[in-house]
Amino acid sequence: MANEVMLWQAMNKAMDIEMAADNSVFTMGEDVGLYGGSYRVTEGLYAKYGEWRVRDTPISEGGFTGLGVGAAMVGMRPVIEIMTINFALLALDAIINMATKIPFMSGGQFPMPLVIRVPGGVAKQLAAQHSQRLEHTLMNVPGLRIAVPSTPQDAWWQLRQAIQSNEPVIVLEHELLYFSKGSLDTNLDPVPMHRALIRKKGDALTLISYSRSVLLAQQAAERLAQEGIDIDVIDLRSLSPIDWQSCIDSISKTHHLLIVEEDCGFAGAGAEIAATLSERCFYELDAPVQRHTGLDLPTPYNGTLEAATIPTVSSIINAVKQLVQSGE
Amino acid sequence: MERSILKSMLKDMLLARAFEEQAAYEYTQGNIAGFLHLYPGEEAVAVGVLHAAEPGDYIVSTYREHVHALVRGIPPGKIMAELFGRKDGCSGGLGGSMHLFDQQRRFMGGYGIVGETYPVSTGIAYAIAMRELPEAVICFFGDGAVNQGTFHESLNMAALWNLPVLFVCENNRYQIGTEIHRHSKVTEVYKRACAYKIPAEQVNGMDVIEVYKATQSALLRIREGTGPQFLEIETYRLRGHSMADPGSYRPKVEVQAFKDEDPVTVMLQESLPEYPSAEQISAIGKDNIEHLSEHMHREELISPEEFQRMKQQVAETVEQAVQYAQKSPEPSMEEAFSALNCNRGQEVLI
């Protein structure tokens with residue numbers, strides 16, 4: 001039975017059910033406890049599970065993310081919340097040098113059931129230091145899994161899968177999605193954490209996206225459909241690993257590929273997607289792969305400029321039309 | 001102190017010295033590559049601290065960790081094989097000198113990035129505290145590591161949440177080539193712990209008995225529930241920072257001072273012409289092994305014959321370790337990938 005919920009509520013419910021099921025799960029971060037979490041994901045958990053399992057931390061991202069690594073080595077299941085992805089830059093040593101290297105360089109001796117939840121993306125006029133995307137940096141780290149949920153249902157599934165996984169998983173959450181609504185059916189069998197899903201079907205073009213950009217792409221696809229242009233909208237849901245086969249199947253049908261992302265274009269996530277799919281689908285493509293990305297610019301505070309740095313529904317529509325027409 | 005503990009510590013110190021000197025030799029022969037950070041001069045720290053620990057305690061160490069691993073009980077052959085990059089090494093040949101691990105012996109790694117041992121230690125300690133176990137975590141770091149952010153972040157959290165961590169600073173007075181007065185305003189490292197209300201003391205790292213006793217009482221306080229403790233152990237490395245470093249930055253005045261303080265006959269009877277000779281090393285520093293062996297001879301706790309037998313046994317152990325390493329095959333690329341994916345379980349990726 002599906003309910004309409006906000007994305008934060010789906011995550012909150014996922015946290016609760018995993019904490020109830022396994023007492024080695026604990027969460028830690030700035031204001032996750034008494035305050036209830038900056039985006040309410042941990043709301044109510046402090047009262048229910050106590051301070052050892054829902055721990056408010058000092059402002060020490062490197063220190064408490066590294067603490068999560070140490071705890072995971074001895075079988076705990078820490079869920080570390082870093083208040084925004086921008087602060088995760090202070091924790092990259094723990095994420096890159098520690099969490100992903102310890103299982104490998106010990107010759108496979110240690111589990112690393114560590115989840116790092118990080119809100120991010122371009123929100124509303126938070127300026128250059130609070131509006132970054134770091135998926136490209138994290139994707140370049142072997143051994144790190146990256147989930148990018150765009151719906152409450154996926155947030156529910158993927159957070160639970162991340163907590164149950166013995167591998168380090170980053171959950172990239174978009175700050176503008178926490179209060180977006182969608183249906184949640186807690187009885188549905190979960191889709192694998194890294195499986196891409198086709199949000200809308202069509203033959204004219206394959207549009208690949210992830211996180212909030214998928215919602216914009218879906219809106220664009222609805223409008224394009226009214227003009228007779230039907231496209232596949234693929235929600236990757238995971239940036240590492242990537243479900244290449246779903247992408248290839250779609251391209252084999254549409255022969256056009258457009259990648260839409262909020263990340264800066266230069267060496268962004270889309271660069272990897274474009275490179276791999278060009279290699280693997282070259283003879284299926286009727287036109288060069290195109291990327292429609294964020295500008296290579298720190299995010300300006302000014303609202304008009306900020307809005308112009310990332311793809312919008314209308315800019316996506318234009319990009320689709322250009323690509324479809326170029327192949328004709 | 002019990003004679004058996006003293007003998008055991010002396011043997012471990014001799015083994016540590018012989019193992020490291022053999023590693024230096026193997027490096028010059030091309031059998032060990034990469035960075036190789038050796039421990040001669042500092043043996044009393046690892047030996048004293050780890051003999052006072054319980055098998056249930058966790059050890060988190062730095063990239064200068066061969067001796068911590070040896071004293072913890074990882075077979076010397078497994079350590080030497082790791083230095084050789086072989087499959088039977090304690091990290092499967094994938095870690096190397098700086099990354100020795102042994103989950104079974106709770107040896108939680110050697111870390112190559114300065115300042116990483118603190119958060120690993122507080123994390124393990126957080127798990128211990130949550131599970132209400134009587135165990136402790138021993139966190140090693142050098143004097144050069146105390147200016148990293150994680151030092152302050154982790155000491156604060158350990159104290160704030162009363163975590164069972166014993167912080168052990170191996171103060172050898174140098175961060176690679178920068179002497180402590182040039183890298184720290186406050187050079188008495190233990191004083192920094194008071195900012196976090198962590199009980200701390202300075203210990204003479206040339207005296208293994210003093211190190212043992214200080215560790216024993218610090219661990220007792222941790223198990224009584226008084227939270228983290230801090231030891232600054234003053235020591236001196238006889239060699240340069242790594243095999244790539246001849247240590248020539250150390251002033252003659254300092255060398256002379258150490259020489260005047262406690263001239264020694266170093267253990268290195270079979271020292272190598274390629275790397276600091278016995279004379280050169282003895283000119284640099286006082287020696288903690290002599291400190292203990294002289295004490296034991298003086299108190300008639302060990303006979304000269306037994307001491308000779310002990311040295312002979314140690315030499316044989318090191319020789320066997322090298323043979324074990326030489327016989328071990330190299331790891332395969334498949335093994336490297338299975339280490340990367342060791343926690344994936346049965347999941348099949350599409």
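**A sheet, a contact and some confidence scores**

In chain A, A:Ala147 stands opposite A:Ser238, a residue of strand S12(A). Keep in mind that this is a predicted model, where local features need pLDDT of at least 70, side-chain atom pairs count only at pLDDT 80 or more, and totals for chains, interfaces and linings use all residues. Residues are numbered from 1 along each chain as its sequence is written, while chains are lettered from A and ligands numbered from 1 in the order in which they are written.

**The sheet in chain A**
- Strands here are DSSP runs of E with at least two residues, and helices are runs of H or I with at least four, both numbered from the N terminus.
- Strands S6 (residues 145-147) and S12 of chain A run antiparallel and are joined by 2 bridges; two strands pair if DSSP finds at least two bridges between them.
- Zooming out, 7 strands of chain A make an open sheet with mixed pairing, in the order S3-S2-S4-S5-S7-S6-S12.
- At the edges sit S3 (54-56) and S12 (238-240) of chain A, each pairing on one side only.

**Where the chains meet**
- Chain A puts 40 residues into the contact and chain B puts in 35 residues (residues are in contact if their C-beta atoms, placed from the backbone, lie within 7 Å).
- On chain A's side, helix H3 (61-73), helix H4 (92-99) and helix H5 (102-105) each supply at least two residues.
- H3(A) gives the most, with 10 residues.

- The complex gets an ipTM of 0.96 and a pTM of 0.94.
- Chain B has a mean pLDDT of 90, with 89% of its residues at 70 or more; pLDDT is the predictor's confidence in each residue, from 0 to 100.
- Over residues 259-275 of chain B, pLDDT stays under 50.
- Where pLDDT is low, the predicted coordinates should not be read in detail.

Notes:
Two residues are in contact if their C-beta atoms, placed from the backbone, lie within 7 Å.
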